[in-house]
Amino acid sequence: MNDHKFFHSVYLNEELCNGCINCIKRCPTQAIRVRNGRAVITSQFCIDCGECIRICAHHAKRSHFDHPDIIKNYKYTVALPAPSLYSQFNNLDDINIVLTALIYMGFDDVYEVASAAEIVSEESEKYVNEHQDQWPFISTACPSVVRLIRVRFPNLIDHLLPINPPVEVAARLARKEAVKKTGLPPEDIGIVFISPCPSKVAYAKDPLGVTKSDIDGVLAIKDIYPLLLPLMLAAEKSPMQLARAGKIGVGWGIHGGEAAGISTDNYLAADGIENVIRVLEDLEDEKFSQLAFIELNSCDGGCVGGVLTVENPYVAQAKLKKLNRNLPRIVTHIPPDIRNEELYWTEEVEYLPVYRLGESMKESIVMMNRVEKLWQKFPGLDCGSCGAPTCKALAEDIVRRKANETDCIYILKDQIHSLTRSMNSLVNNAASYEVKGNDYRYIFKQYLKKLLSEISLLDSALNLNKDDKDD
């Protein structure tokens, strides 16, 4: 179908998975199935939003990220703290305390992503105003949203704002500054992002809009948080003056923060992946078109709601708003020496038809007709007991030859009843069979073997359904 190689930060720990169906019901792209009592993630459907990590009570869904020891791999390291990092701490009134603690932790320097966010805001406002014929523009700061549009909403790709996300701009500017400051070659400098979500971990390894990201490593906020707490007590006594962002940049950490930096009332902001999908569906259906800008965050509350954070997202929002009260509106402006490739995409984001059933349009139409016929056979309960999130998804799996009709417990039950009736008829009419030797016994044994096999399948499906209700 396509030869794109997907990198994903989200992965499954099979030892912890008990085969419940919570994840398949919550995955926004239907990327998860339960097969043979374990979840299976379909790589090309996954957008690394982290919803499965959030919902899994057994902690079987996890995210790849780097260990703090990564800073030992470089001669000079620069930390890129996300604005959402500041929202994790109680009673924080000075961002410099967190930034100083990062230096105490072992980093040689820090470059706030919030600072780059102010640069992106300024450039975004200019670009949006100069290209009104392409309204509305969709924010590209959340990699999961861009991935979602790339695989599911091809008609909206032209509306993507072709500007690098703040984390990428921060990485490029931080490396350039470090080279000037130290005289070291770029490869000896480690640029390490402190992330609230798995989506940006995936972006660092498999970026969108650029060939290669300047981010060398990604640490999870939840890993850094306990390390910073004692260091912040020491930093509070004499914080270094390292902060270089104002309200606009720090505000990017919460829902609506990016749109606030565009300086327009003609915008829409939505957070939470299900709400994002509804907005994109309505936009594709042209239910609104006069907006200038659409901010979309896959996590509830914005980046503060990422699954690699430690604080309740709504509490974190309140903390960040309080912290923002005493900050100047904007501190960082577009540097005069910034290059176009440091700000803008250099690669097109192309549609990836991962949901297409066939290799050609003709084959896809034939397969879709098969899906429709199969779908009509199922009860339409979307119970998930088959291991697929909906009856239609099961029908598609069958057409793709990744499932069977009898995975549906209701189809299986009907087959068992039919087989039982056949056996009963066979027994009642045994005397009238004119067969030689043990032919009758052989036929009976085959029926019985098939019946026992299908009863075993039914038991397995019913147990799966019971486990889900217990959870």
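The largest cavity in this predicted model has a volume of about 190 Å³. A cavity here is a set of points, on a 1 Å grid over the protein atoms alone, where a 1.4 Å probe fits but cannot get out, and the volume is the space filled by probe spheres set on those points, which are joined across faces, edges and corners. Of its 18 lining residues (an atom within 4 Å of a point), Ala141, Pro166, Lys200, Trp252 and Cys303 sit closest to the centre. Helix 6 (166-182) and strand 11 (293-297) each give two or more residues to that lining; both are DSSP runs numbered from the N terminus, with helices being H or I of at least four residues and strands E of at least two.

In the second largest cavity, the residues closest to the centre are Cys27, Cys46, Asp48, Cys49 and Cys52. Here is how the two linings divide, with Ala, Val, Leu, Ile, Met, Phe, Trp, Tyr, Cys and Pro as nonpolar, Asp, Glu, Lys and Arg as charged, and the others, Gly among them, as polar.

| Cavity | Volume | Lining residues |
|---|---|---|
| Largest | about 190 Å³ | twelve nonpolar, three polar, three charged |

As for bookkeeping, residues are numbered from 1 along each chain as its sequence is written. Local features need pLDDT of at least 70 and side-chain atom pairs count only at pLDDT 80 or more, while totals for chains, interfaces and linings use all residues, and side-chain values use heavy atoms, leaving out hydrogens and water.

Technical notes:
On a 1 Å grid over the protein atoms alone, a cavity is a set of points where a 1.4 Å probe fits but cannot get out, and a pocket is an open set with protein on both sides within 12 Å along at least five of seven lines; lining residues have an atom within 4 Å of a point.
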